[in-house]
Amino acid sequence: MSVSRETGRGAPGNARRLRKTLAALVARYHLGQAAAAQIERILGALDAEPDPHTTVSAPQAALELHVADSLSGLEVGELRAARRIADIGAGAGFPGLVLA
């Protein structure tokens, strides 16, 4: 997965930072490793998109802004327990992509 348009793709320090941040989110919200892999794929796809639907598309920034924000909804017990939710928005797919 590429790491950042601003600081160079695949820089080892950036990859470690991304994985550390992702691991912290996975632990905080009690997600499995499958969820972490899916989030990495979403970040990779967003970074590879030639015309992204958001100005924040570099993986680390998108993880900190879009993904962390999307997952914060899991702090609401009713949302965390819900079997289905609706993402009624006009954005780039967040939070629906992350929560799915």
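## Overall fold

From the N terminus on, the protein chain runs α-α-α-α-α, with five helices and zero strands, where helices (H or I, at least four residues) and strands (E, at least two) are DSSP runs numbered from the N terminus. This is a predicted model, in which local features need pLDDT of at least 70 and side-chain atom pairs count only at pLDDT 80 or more, while totals for chains, interfaces and linings use all residues. Residues are numbered from 1 along each chain as its sequence is written, and side-chain values use heavy atoms, with hydrogens and water left out.

Of the 100 residues in the protein chain, 32% are buried, meaning under 20% relative accessible area with a 1.4 Å probe, protein chains only.

## Pairing of H1 and H3

The axes of helix H1 (residues 12–28) and helix H3 (residues 59–71), which are lines fitted to C-alpha atoms over the stretch in contact, come within 10 Å and cross at roughly 5°. H1 and H3 are therefore roughly parallel to each other, a term for angles under 35 degrees.

Contact means heavy atoms within 4.5 Å, and among the residues that meet across this pair are Leu 18, Leu 22 and Leu 25 in H1 and Leu 63, Val 67 and Leu 71 in H3.

Not counting residues up to four places away in sequence, Val 67 touches Leu 25, Ile 39, Leu 43, Ala 62, Phe 94 and Val 98.

How values were computed. Buried means under 20% relative accessible area, exposed over 50%, partly exposed in between (1.4 Å probe, protein chains only). Axes are lines fitted to C-alpha atoms, for helices over the stretch in contact, and angles run from 0 to 180 degrees between N-to-C directions. Angles under 35 degrees count as roughly parallel, over 145 as roughly antiparallel, 65 to 115 as roughly perpendicular and the rest as oblique.
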